[in-house]
Every structure is written in C-alpha cells, then in structure tokens.
Amino acid sequence: MGSKHIAQETFDEAVQENIAEFEMDPEEAVREAVQQFESQGVDLSNIIKAVRQPASENGQKQKHEVLLTLDSLGRCVADSDLTEMAEQLVVFTDQCKEQLAFRYLAGQNGAYPVVFSACQLASGDRNLMLKAFNTMSVILDGQPDLLDSAGQDLLLQTLREYKEDAEMTLAGIRCIRHACLKHEQNRQDFVKGGVLPLLTGAIVLHGDSADVVRTASSALRIMTFDDDIRVPFGHAHDHAKMIVLENDGLRVLIEAAKAFTDNCSVLSELCATLSRLSVRNEFCQEIVDLGGLNFMISLLADSIDHPDVVKQVLSAIRAIAGNDDVKDAIVTAGGTDLIVLAISHHLANPQICEQGCAALCVLALRKPENCNVIMEGGGALAALQAMKAHPREVAVQKQACMLIRNLVSRSRDYSQPILEMGAEDLITEARATHRDCDDVAKAALRDLGCKVELRELWTGQKGSLAQ
C-alpha cells in the first residue's frame, strides 16, 4: 500500500487531461490515471476511479454522482421536505455502501452535518429515523473522525428513548460501532456517556434478535480495543473491567448464547467478545462457572466445519486458559482433543493452526499432566504438521515452537518421540527463516536436547556480543 495520497480533484484532473489532450475514451482515461499514480506509489483506496458527471447547462462544475445526490439531500433537509428526503437518504446510502471512496468523498464535502440534520429532522417519525440513522452508520464506516459531540449525544439519547424498539436499537448501535472502531476518544466519550449498560441492556432486552445480539456484542468488544495508532495508551483494560464488574457482561453474553445454539455467526461473535473480556484471572474462572466453557466446547465440536467459528472459539479458549485452574477444566472437558482435531481438520488455514497451537501452548504451560494428555492426543504431531504446512507464516512457526518447548521443558521423556517426528529440522528451518522465531526456536531446540549454535554478532563495543 502506498504512503502517498492525492485529492480526488487531482485524480479527476488527470482523467480529464487524458480525455482532452490524448483523446482517450473515459474508461481508458481512468485506467491510465490509475496506472500513472500507482506507479508513483500513491494510495488510491480513497479515490473514486470514475469520470465525473458532465457539467450542467448553467455552467456548474462537474461532480461525481454521490456528490450530486448529497446536494439533493442537502436541499431536502434545508427545505424540510421529508418525503423527498426519505427517497434521497435511500439513494445516498446505497451509493455510499458501494465503496469507501464514495463515503470518503462525501465526508470531505460536508455529508456528516447534512445527515446529522436529517436525523434531527426525522425525530418522531420512526421509519424516517431508521433511514437517517442507517445513512449515518454508513457515513461513519471507516470515518469515525466525522462524529462530533452532538452526534454522540444524539445516538445515546436515541438508544435510551427507543430501547424497546429492536430496529431502532440496531440502527443506533451500528452507528456507535463504526464510530468507535479505531477511535479511542469516541470510545472513551461513549463509555463516559453511559453506553455500556445500554449495550448489555440491548442484549438482554432483545435476546431473541440475532442482529441486535451480534451487533451489540461486537460493539462491546470494540470498546476493549487498543487500535487507535494516534493514542499511546488507551482505556481498553478499564473498559473490559467495567463491562464485567459494573454491567455483568460475562453473564449477559453467556446467557445470550443459549438462545442461538444453531446460529454460528452469533455464537462466534459472543466467543470473540468473551475472549476480549478475559483480562483477569477471576474473569476467566467466572466464565467457566457461568457455563461458558461448556458452551465453547460444545460449539467447537458442533461447528468443526466452520473455520470462522473454530478460530474464534480457539482464541477464546486460549484467553481463558490463562487461569491455571481453568487449564485443568478445559483438559477435563476434552478440550485438547478438539483443539488437535481443529488443527488437523483445518491444516490449510494458518489462523486456525496459529490459534490451535497457541491454545495448546497455554494449556501445557507449567502443567506436566496436561502435557501428557496433549502428547497422547497427537498435539505435538499436529503442531509439527502445521509448521510443515505453513513455513512462511511466522505466527504459526512461533506458536508451534513455544508449544514444543512447553511439552518437553518439564517432561524430558517426550523429547525423543518429538524428535523422531522431525521436530529438529522444522524448528531449525523456522529459526533460519524468521528472525522473530529465533529466541523461541533456540529455546525449543535446547530443551529438546539438540545442539544449538548461538548466532552472535560483534557490535564493535568492548564486551558486547549481540545474538
């Protein structure tokens, strides 16, 4: 992805130049402009790659279609023409859904204040409000910076006033979800404004709505993200604790799962959120006590053919296994066999191989008894098969090396069987291929009893050797 950026206007001028000076047809002119800028390392992800609409008879400047629609919507809002506004909201929303470039251009040309005004103007008209908030959601998708404090207040007020209405609740939560992704300040502002009880309350109140449960769970999970590169230290951990301790989040999510035993997408989302909330030892234990582990084990067994679900369940098991007592509960429940089965069944999927090896790695840590179960269940062989299948995936190589080390560090009797599976060559190759694997690969080889050559470099400073 290029690091350089240009304005839409610059791209449009290049297209027009290709048409006027080089007599290219519109499609060729666009292709040539794209090739020209990409060859210079320009990122065109936010650029509409199309020819602007022709100038109007009154000499108005050429515009892209999405901006023409935005103009029409703006006039409807200014004239308080609710009927026409409803139609233009639908058209504008459909255009903005097509790609980020359309939303970005609209956002750069005043779309947010127009849509915010439309939301205010629609107040009291439920159907019109749904259209306006759906448009707001689309505009904020990928552009959370557009939201201002007035917009935050409007969304929180709407969730409170329409908490009994599943559709309005869903529309509001979608807006909040988009506004908080990769935006730490919006997250903090919404949490201070009381969004957490509104989200958990929506799951409880609309527990029969798959869309509400899935979207509210996702919004809760986003509140625990630390994904805003502009902020050195976020409040992800604090938000996770607030969800659990002040809003009974673990119980809410686990109870919600009981209504969707056949809905993989909802269960996968609930697992992903539980994983993000497993930030303290006692939270991990509470998930088990509330029946969350049994839910995860059953889901893994029943959805073994669904890679997206498998990946999320493995991630959740890995998270809660940070508690030593929970490690034992997972093994007792048959979790290790299912994890090995998941790796073997999805051997071509690097994410599942990574998460599976990582989960087994945590289960084996400081637990010789668990190592016995993992070895007998084929865990070491599955990890080595994953290494062989994904030699270029550093995350897979690293987690598999760490698992092998944990298996033998307190149970040396396993070294020879693992070496006979071809571990030494695979780990040596991982060390040679991936610099990030050097330490863990070296430790695994050492604990397997292999000869390890230290790669040392003279730094030029007295008494200094860099490995």
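Trainee: Why is C353 called buried?

Mentor: Buried means under 20% relative accessible area, exposed over 50%, and partly exposed in between, with a 1.4 Å probe and protein chains only. C353 has a relative accessible area of 0%, so C353 is buried. This is a predicted model, in which local features need pLDDT of at least 70, side-chain atom pairs count only at pLDDT 80 or more, and totals for chains, interfaces and linings use all residues. Residues are numbered from 1 along each chain as its sequence is written, and side-chain values use heavy atoms, with hydrogens and water left out.

Trainee: What makes C264 partly exposed?

Mentor: The relative accessible area of C264 is 23%, and C264 is therefore partly exposed.

Trainee: Why does T135 count as buried?

Mentor: T135 has 1% relative accessibility and therefore counts as buried. Leaving aside neighbours within four places in sequence, T135 is in contact (heavy atoms within 4.5 Å) with L89, F92, T93 and V115.

Trainee: Where is T135 placed?

Mentor: T135 is in helix α7, residues 126-140; helices (H or I, at least four residues) and strands (E, at least two) are DSSP runs, numbered from the N terminus.
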